[in-house]
Amino acid sequence: MRFPDDVNDDVYKRLRRLEGQIRGLQRMLDEGAECQDVVTQLAACKGALDRVSYRLFAAGLRYCVADEDTDMTPEELEKLFLKVS
């Protein structure tokens, strides 16, 4: 399945931003930043990655399941959702 361009554009934008956050986290470690600052940045990275996951999952539900373009059972969908939650 290919996601619509607007979904891909949004996800790529989020991933590029996340990439910058990860680089910032690496820089903080290299520079010996305070533990609290590193953990705060790590939490921000995790939250950003979670939002990417939810965006793709929601789009998958909208464009795959709603269009009945899948043979996944409700149980398989639930298991898939639990992987990202």
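Helices here are DSSP runs of H or I with at least four residues, numbered from the N terminus. With that settled, let me turn to the charged side chains of this structure.

The model is a predicted one, in which local features need pLDDT of at least 70 and side-chain atom pairs count only at pLDDT 80 or more, while totals for chains, interfaces and linings use all residues. Residues are numbered from 1 along each chain as its sequence is written, and side-chain values use heavy atoms, with hydrogens and water left out.

I begin with the salt bridges. Side chains of opposite charge can pair when their charged atoms come close. The term salt bridge is used for a side-chain nitrogen of Lys or Arg within 4 Å of a carboxyl oxygen of Asp or Glu. How many salt bridges does the structure hold? There are four.

In helix H1, which covers residues 5-30, Arg14 pairs with Asp10 at 3.0 Å, N to O. These two residues are four apart in the helix, about one turn. For accessibility, buried means under 20% relative accessible area, exposed means over 50%, and partly exposed lies in between, with a 1.4 Å probe and protein chains only. Asp10 counts as buried because its relative accessibility is 17%, whereas Arg14, at 26%, is partly exposed.

Glu19 is partly exposed, since its relative accessibility is 40%.

Helix H2 spans residues 35-65 and contains Lys46 and Asp50, four residues apart. The salt bridge between these side chains is 3.1 Å, N to O. Lys46 is exposed at 53%, and Asp50 is partly exposed at 22%.

Patches are made of residues with over 30% relative accessible area and no salt bridge; like charges are joined within 9 Å, and nonpolar side chains (Val, Leu, Ile, Met, Phe, Trp, Tyr) within 5 Å. Which residues form a positive surface patch? They are Lys13, Arg16, Arg17 and Arg51. Lys and Arg count as positive, Asp and Glu as negative, and His and the chain ends are not counted. Helix H1 gives the most to this patch, with three residues. Arg16 lies in that helix and counts as exposed because its relative accessibility is 53%.

How values were computed:
Areas by Shrake-Rupley, 256 points an atom, 1.4 Å probe, with all protein chains shown as cover. Charge placed at Lys NZ, Arg CZ, Asp CG, Glu CD.
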